[in-house]
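Welcome to a short tour for someone meeting this protein for the very first time.

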Amino acid sequence: MIKQYDQSFVLETAHTSYIFRLLPTKQLEHLYYGKKLTVSSSKDIEPLIEQHAFAPGNTNIYDEEHPEYSLEDMRLEAGMIGKGDIRVPFVEIIHADGSSTNDFLYHDAKINTSHTPIKSLPYALNNKEELEVTLVDETYAVTLKLYYNVYYEYDIITRRAVVINNNKDEIRLNRLMSTQLDFLNHNFVFTTFNGSWTNEMNRHDHAVESGLYINASFTGGSSSRANPFVMLSDKHTTEDEGDVYGLNLIYSGNHYEAVEVGSYGKMRFVSGINPQNFSFLLEEGEIFESPEAVMCFSAHGFNDMSMHMHSFINDCIVRGTWQHQERPVLLNSWEANYFKINEQKLIKQAKAAKKVGIDLFVMDDGWFGKRDNDQSSLGDWQYDPKKLPHGLKHLVDKINAIGLDFGIWVEPEMVNVDSDLYRNHPNWTIEIPGCNQSEGRHQRILDLCNPEVVDYLTDVMSELFSSANIKYVKWDMNRTFSDIYSPYLPANRQQEVFHRYIIGLYKLLHHLTHSFPDILFEGCASGGNRFDLGMLCFMPQIWASDNTDAICRYKIQNSYSYGYPLSAISNHVSSTPNHQTLRTTSLDTRYNVACFGILGYETNLADLSNEALEEIAKQIAHYKAHRKIFQFGTFYRVNQELHNWCVVSDDQEEAVGMILQELVLPNHQFHQFIARGLKEDMHYHFFNEEKQYNVKLFGDLINTASPVHIKQDSLAHQVVAKFVKMPGEVEDMHTTGSILTHGVCLKQAFSANGYNEQVRYFQDFASRLYFIEKESEKQ
């Protein structure tokens with residue numbers, strides 16, 4: 001709800017309040033954002049207002065009529081340059097006379113009954129209430145509009161800004177943030193998620209003490225280096241208790257999140273487009289729209305904040321046919337074949353996929369042009385007749401006849417110099433004419449600033465997607481930007497390249513996703529280089545990382561879960577030793593991690609043993625039985641000694657949990673599984689799936705039980721292993737939700753003192769899934 005009391009504005013969600021007011025100097029003073037307060041009049045708000053009699057020494061007062069106000073010591077909704085506020089600014093504009101002072105003062109405000117559309121960028125949907133505040137710099141005839149959208153039931157507030165040049169002279173916009181939060185104190189932890197290729201989303205907690213902290217991307221995309229989702233929390237906040245702000249940006253380009261502690265102990269947070277190498281010229285009458293920022297506050301810890309973010313993304317960011325639809329289990333061809341694909345191989349692998357229950361077969365890179373490596377053919381999106389002698393449609397029809405849907409890999413934004421597209425249109429790439437170019441993966445980037453390029457890609461991709469019965473598209477983007485120059489733009493607009501590229505990308509994606517509404521699009525950018533809310537407006541799921549190692553993936557997926565729902569996170573079970581780390585983990589653990597989200601496989605099923613195929617078939621059957629929970633359930637992270645996840649159905653009648661151990665701690669027998677999200681007074685059945693283990697896993701310990709000595713890896717060892725299996729532990733309990741959330745004491749782990757069906761085989765990188773089901777009335 002949005003309310004105005006005299007010159008104060010109160011934005012309310014189900015559990016939060018956001019309050020600001022008009023200062024006597026006509027700036028907007030931020031008063032509060034946090035746990036919901038009861039407000040029914042302007043008098044109720046008065047205790048939130050800072051009392052100022054004299055401005056601090058060695059500061060600049062805004063004007064002589066208000067000597068008590070120095071903007072450096074005020075909490076503001078939008079900080080400006082030139083009038084005393086020397087902290088990180090919300091907006092920077094260079095005017096025609098060279099001045100960089102901006103003096104935006106309150107003009108009016110109105111409450112809208114729906115979200116004002118953003119013309120150039122995606123934004124959140126399903127909103128019914130918006131506050132539009134207009135500020136004007138009368139000296140230069142420039143308008144700044146601030147938009148606040150309230151998503152009541154999600155505890156979400158979004159913010160964005162629009163600059164309008166009403167002056168006959170052009171202005172140069174060097175910075176426009178999307179949101180600003182000013183706090184009375186700086187007792188916060190600033191949490192960022194940083195990394196690199198195959199090493200995405202490492203959580204870093206920064207205690208905010210003084211100075212400026214920046215989390216930013218300058219790669220051309222939202223990047224694996226610094227995800228745009230960040231958190232501000234109390235130093236004592238846990239998964240289940242304490243204050244936390246979750247903050248994100250609906251944008252796929254260079255972003256910027258900064259926290260600054262000012263001279264007087266106040267803290268400012270800003271988020272928006274990265275101002276580095278950004279500048280936008282606005283002629284008379286032109287506007288610039290910032291991306292929309294997403295803000296969520298919870299007084300009940302990280303899990304509660306995450307739940308609100310997850311629901312909001314599923315309902316208001318993701319859209320289209322697949323928004324709430326369960327996603328297929330796929331087999332991707334990449335790690336089984338790399339570039340060495342052909343029709344015969346793919347059909348053989350698809351037949352194996354059908355036998356284990358796969359829904360969708362995906363042909364990855366290598367199918368087009370002369371694509372035998374990554375040095376040629378990007379841009380030439382016609383099938384290779386040597387690899388697909390009967391054509392793409394023939395292959396798709398064959399895969400469909402097997403009983404599988406078909407998906408295809410593309411990388412439309414890129415081009416190789418060794419391609420017909422580049423040879424025909426060398427001026428269609430982002431590169432500096434006449435200069436040596438720095439490439440990534442032997443690629444150059446097509447110039448999506450150029451509408452002709454966007455239209456060409458729209459036509460080429462439309463032709464490809466309609467050429468056969470294609471149900472899924474993996475949309476890749478495998479490099480960061482270099483030699484940043486658009487031949488399409490004049491010299492004085494070259495600092496617009498990054499942002500114009502993203503606008504062009506969104507235009508391309510908008511057309512294709514609307515033209516092919518039934519295709520399931522999955523985003524990918526060398527894994528998690530563009531995992532953001534902007535891409536989720538077009539693609540309901542994103543490949544989280546090119547690293548499929550289960551132990552690495554646990555940490556990556558765990559970090560994503562703070563800001564993104566399981567329905568957005570695509571995971572694969574791959575071969576072992578893992579292709580990125582050479583680590584060996586059990587098939588159990590690889591599945592147990594990957595099933596929390598969108599499950600796929602990336603291995604050559606045609607080469608696997610019957611035993612492995614049987615296990616995979618069981619995994620897929622299990623996943624499909626619980627698919628709705630794994631993809632759309634309420635997800636919890638549990639703090640304890642082991643890694644511990646729990647995902648719960650909407651009605652709280654069913655849950656699946658996991659524990660995972662990295663390295664064995666010797667003689668440490670006892671572990672717990674801790675559930676979350678259950679009804680305390682409901683009775684549940686808690687159990688696991690019974691397993692059997694290959695006796696060879698125990699090495700020469702077999703000789704402690706065998707009447708004859710058996711040499712390891714001998715023929716006798718092989719024969720015994722074929723017929724003798726070691727029983728796994730069985731958990732089977734009936735209890736209440738309150739007990740399960742307190743914790744279940746599990747069967748003891750092996751600790752060198754004996755093994756039987758009461759002992760848990762729990763080696764390095766071991767994991768377990770546990771199932772929780774509501775007891776029937778008869779029980």
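This is a predicted model: local features need pLDDT of at least 70, side-chain atom pairs count only at pLDDT 80 or more; totals for chains, interfaces and linings use all residues.

## Two pairs of helices

Two packed helices are described by the angle between their axes and the distance between the axes. The table gives these values for both pairs.

| Helix pair | Residues | Axes come within | Crossing angle |
|---|---|---|---|
| α4 and α5 | 343-356 and 392-402 | 9 Å | roughly 20° |
| α10 and α11 | 550-560 and 587-594 | 9 Å | roughly 15° |

Let us begin with α10 and α11, whose axes cross at roughly 15°. That angle is under 35 degrees, so α10 is roughly parallel to α11. Their crossing is left-handed. On the α10 side, the residues taking part are A550, R553, Y554 and Q557, and they meet T589, R590 and V593 of α11. Sorted by class, this contact has 3 nonpolar, 2 polar and 2 charged residues.

The spacing of such residues has a simple background. An α-helix has 3.6 residues a turn, so residues three or four places apart point the same way.

How many of the residues of α11 are buried? The count is 8 of the 8, so α11 is largely enclosed by the rest of the structure. The buried residues are L587, D588, T589, R590, Y591, N592, V593 and A594.

Now look at α4 and α5, whose axes come within 9 Å and cross at roughly 20°. These two helices are therefore roughly parallel to each other. Here the crossing is right-handed. From α4, the residues E343, L346, I347, A350, K351 and K354 meet H394, L395, K398, I399 and I402 from α5. By class, the contact of α4 with α5 divides into 6 nonpolar, 1 polar and 4 charged residues.

## The cysteines

A disulfide is a covalent bond between the sulfur atoms of two cysteines. How many disulfides does the structure hold? The number is 0.

A disulfide would need the two sulfur atoms within 2.5 Å. C524 is buried, with a relative accessible area of 4%, and C595 is buried with a value of 0%.

## Two buried loop residues

You will find M477 in the loop between β26 (470-475) and α8 (497-515). Is M477 buried or exposed? M477 is buried, because its relative accessible area is 5%, under the 20% cut-off. Setting aside neighbours within four places in sequence, M477 is in contact with E411, E413, M414, C524, A525, S526 and R530. Q748, by contrast, is 271 residues from M477 in sequence, and their C-alpha atoms are 47 Å apart in space.

R87 sits in another loop, between α1 (42-45) and β5 (91-94). R87 is buried too, with a relative accessible area of 7%. Which residues are in contact with R87, leaving aside its neighbours within four places in sequence? They are L71, E72, D73, M74, L76, D182, E260, G262, K266 and R268. N215 is 128 residues from R87 along the chain, and their C-alpha atoms are separated by 17 Å.

## Backbone details worth a look

The peptide bond from T576 to P577 is cis, with omega near 0°.

N277 has a phi near 55°, a positive value in a residue other than glycine. Its loop runs between β17 (267-273) and β18 (280-282), and N277 is partly exposed, with a relative accessible area of 32%.

A752 is not a glycine either, and its phi is positive at about 80°. A752 lies in the loop between β39 (744-745) and β40 (767-774). With a relative accessible area of 62%, A752 is exposed.

Key:
Residues are numbered from 1 along each chain as its sequence is written. Side-chain values use heavy atoms; hydrogens and water are left out. Axes are lines fitted to C-alpha atoms, for helices over the stretch in contact, and angles run from 0 to 180 degrees between N-to-C directions. Helices (H or I, at least four residues) and strands (E, at least two) are DSSP runs, numbered from the N terminus. Angles under 35 degrees count as roughly parallel, over 145 as roughly antiparallel, 65 to 115 as roughly perpendicular and the rest as oblique. A crossing is left-handed if the near helix is turned anticlockwise from the far one by less than a right angle, and right-handed if clockwise. Contact means heavy atoms within 4.5 Å. Ala, Val, Leu, Ile, Met, Phe, Trp, Tyr, Cys and Pro count as nonpolar, Asp, Glu, Lys and Arg as charged, and the others, Gly among them, as polar. Buried means under 20% relative accessible area, exposed over 50%, partly exposed in between (1.4 Å probe, protein chains only).
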